[in-house]
Amino acid sequence: MCFPLYAAAREVVKLYRPHLDKINLTYTQYIAMLVLWERESCSVKELGQKLYLDSGTLTPVLKSLEQKGYIRRYRSPEDERVLLVELTGSGKALRQDALDIPLEVGSCLNLSAEEAAQLHGLLYKLLSGIDG
């Protein structure tokens, strides 16, 4: 199970690359933006949990997104230990450029809609059962 899961993940990420190159995002930046497009703001800790990424991986991604002007990072006024992330106007506008990416990538996969939904459910079931 391990090798096909790893290889399939790599191949799917490769399918994203030409689409993400058009909007100047890496795959990891893209998935961070997906969460922020849903929420508009959250803590770095929440973002890391949602993406299954540790702070050592997430921090450079957020720094790059901030340099591109898509997000803003700041300390919570209620608790300085909490670092918050929020979309800027440019970050919100970028969503429009990325709307078709999931459909374009999905059309390259040899799965029916039902199979894709089943796989999605199985992968999240697998993730939820892993103690990390």
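This is a short exchange about one predicted model.

Modeller: Residues are numbered from 1 along each chain as its sequence is written. The model is predicted, with local features needing pLDDT of at least 70 and side-chain atom pairs counting only at pLDDT 80 or more, while totals for chains, interfaces and linings use all residues, and side-chain values use heavy atoms, without hydrogens and water.

Colleague: Why is serine 43 called buried?

Modeller: Buried means under 20% relative accessible area, exposed over 50%, and partly exposed in between (1.4 Å probe, protein chains only). Serine 43 has 9%, so it is buried.

Colleague: Where is serine 43 found, and what does it touch?

Modeller: Serine 43 is in strand β1, residues 41-43 (strands are DSSP runs of E, at least two residues, and helices runs of H or I, at least four, numbered from the N terminus). Not counting residues up to four places away in sequence, serine 43 touches Val82, Leu83 and Leu84, where contact means heavy atoms within 4.5 Å.

Colleague: Which residues make the contact of α2 with α3?

Modeller: From α2 come Ile31, Ala32, Val35, Glu38 and Arg39, and from α3 come Glu46, Leu47, Lys50 and Leu51.

Colleague: How do the residues of the lining of the largest pocket divide?

Modeller: That lining has 29 nonpolar, four polar and three charged residues (lining residues have an atom within 4 Å of a point on a 1 Å grid over the protein atoms alone; a pocket is an open set of points where a 1.4 Å probe fits, with protein on both sides within 12 Å along at least five of seven lines). α2 gives the most to this lining, with eight residues.

Definitions and conventions
Nonpolar A, V, L, I, M, F, W, Y, C, P; charged D, E, K, R; others polar.
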